[in-house]
Amino acid sequence: MAKKVGDLNASSQADIAFLLLIFFLVTTSMNVDQGLYRQLPPPQDKEQENHDKVNERNIFIVLINKDNQLAIEGELADINGLTERTIEFITNPKDKADLAEKVPASKKLEDAQKENKAEDAKNWQKLIDQFGDIGITKGVVSLQNDRGTNYETYIAVQNAIVAAYNITRDKFSQEQFGKVFDELSADEQKLVKLVIPLNISEAEPRSVK
Amino acid sequence: MAKFRKGGSRQMAALSTASLPDIVFMLLFFFMSVTTMKETDYKVKIKLPNATEVKKLEKKSLVSYIYVGAPLASYQGKYGTEPRVQLNDKISNLVDIPDYVESERQAHDEAERPLLTYSLKVDSDAKMGIITDIKQELRKVSALKINYSTLKTERKGNY
């Protein structure tokens, strides 16, 4: 007959667990990584600029010089007004001649069909079904900075421009769905993104006076 | 009060601590699962800028970090005081970035490679010159998804 094994003393289990617990407590850093996402333009093979395709009125030029001063469309400006100016530019509520142009969604659908982009055409069709034949902004925000610009200022300006887009999307979502952009379903978000596309162009590096 | 006391000296039953390990283990597992070990030691000073429109970085495994800032005091003798690039554990040069991108790509499956994001952790006091150079290097090797790492603050104003 096998010898009976005595009860294993488990009272130190708690101590071991505590030790591990304290180790993980100390090494834990709860902060989540977050930031502003940006897509870089693909590398340019040719020297040619494709700016001629974009009309002058559809470019919203934001310059930051080496002294961290801001110029919007060639005039010295303050960063506090940047978000508002950008919103006005992309939405162009009064159809001013010097702000971004709009193309009707039906035109976009035609273009997509012409170029045989079935996927795009399907999306535009969905958009027209959902919102009607609304105008899609052609506006592009062009951000140019000097090598001497402070990173902090650059991020503040990036942030102000992204804020303008987020606010515009939120407002549009609120009108159409009665919810803010973040609460929409993925499909609805895709449609809103089509209506208000995030177009920030960062020019090739050059010095800004 | 004395009339409530029956039978003289009655001892309080010992509190059972049998469930204590369970509770501790529960906490332990919680912290184990939320812990992210610090991926590298900073050799450069990084004070992140603030922004309001931040998005969380999804899928930590698909994120590679590039640190930029002035070298810490103990490294200044070797690397100077101007902002430098840190890749992994080493203070590096701009020309090392393509190699770094390549090694990051090799470390992932082919399917995941297009999803790799490069998170730029840059000190607020850095100048855009070095950032522009980094971006050009990244573009050269078609690493186009980037993220400017920032801290979150609340949006001011009445929108």
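At what angle do the axes of helix H2 (residues 82–91) of chain A and helix H5 (residues 151–177) of chain A cross? They cross at roughly 45° and come within 8 Å. The model is predicted: local features need pLDDT of at least 70, side-chain atom pairs count only at pLDDT 80 or more, and totals for chains, interfaces and linings use all residues. Residues are numbered from 1 along each chain as its sequence is written, while chains are lettered from A and ligands numbered from 1 in the order in which they are written.

- Helices (H or I, at least four residues) and strands (E, at least two) are DSSP runs, numbered from the N terminus.
- Axes are lines fitted to C-alpha atoms, for helices over the stretch in contact, and angles run from 0 to 180 degrees between N-to-C directions.
- The crossing of H2(A) and H5(A) at roughly 45° makes H2(A) oblique to H5(A); angles under 35 degrees count as roughly parallel, over 145 as roughly antiparallel, 65 to 115 as roughly perpendicular and the rest as oblique.
- H2(A) passes H5(A) in a right-handed crossing, where right-handed means that the near helix is turned clockwise from the far one by less than a right angle, and left-handed that it is turned anticlockwise.
- H2(A) contributes Leu82(A), Thr83(A), Thr86(A), Ile87(A), Ile90(A) and Thr91(A) to the contact, and H5(A) contributes Val157(A), Ala160(A), Ile161(A), Ala163(A), Ala164(A), Ile167(A) and Thr168(A); two residues are in contact if their C-beta atoms, placed from the backbone, lie within 7 Å.
- The residues of this contact of H2(A) with H5(A) comprise 9 nonpolar, 4 polar and no charged; Ala, Val, Leu, Ile, Met, Phe, Trp, Tyr, Cys and Pro count as nonpolar, Asp, Glu, Lys and Arg as charged, and the others, Gly among them, as polar.
- The axes of helix H4 (residues 118–131) of chain A and helix H6 (residues 186–195) of chain A come within 10 Å and cross at roughly 95°, which makes H4(A) roughly perpendicular to H6(A).
- On the H4(A) side, Asn123(A), Lys126(A), Leu127(A), Gln130(A) and Phe131(A) meet Leu191(A), Leu194(A) and Val195(A) of H6(A).
- The contact of H4(A) with H6(A) has 5 nonpolar, 2 polar and 1 charged residues.

**Sheet within chain A**

- An open sheet of 5 strands has the order E4-E3-E2-E7-E8 (chain A), with mixed pairing; two strands pair if DSSP finds at least two bridges between them.
- Strand E4 (75–77) and strand E8 (200–202) of chain A are at the edges with a single partner strand each, so one side of each has no neighbour in the sheet.
- Neighbouring strands of this sheet are turned by 30° against each other on average, direction ignored.
- Strand E2 (residues 59–64) and strand E7 (residues 140–145) of chain A pair in the parallel sense over 6 bridges, and Val62(A) has Leu143(A) in E7(A) as its bridge partner.
- H2(A) packs on this sheet, touching E2, strand E3 (70–72), E4 and E7 of chain A, and its direction makes about 20° with that of E3(A).

- Strand E1 (residues 34–39) of chain A runs antiparallel to E2(B) and is joined to it by 2 bridges; Gln34(A) stands opposite Lys56(B).
- Strand E3 (residues 63–69) and strand E4 (residues 84–87) of chain B are antiparallel and joined by 3 bridges, with Val68(B) opposite Val85(B).

**Interface and chain B**

- 46 residues of chain B are in contact with 40 residues of chain A.
- The side of chain B that touches chain A divides into 23 nonpolar, 12 polar and 11 charged residues.
- Chain B has 4 helices and 8 strands.

**Positive phi**

- Asn68(A), in the loop between E2 and E3 of chain A, has a positive phi near 60° and is not a glycine.
- Ser142(B), in the loop between H4 and E7 of chain B, has a positive phi of about 55° although it is not a glycine.
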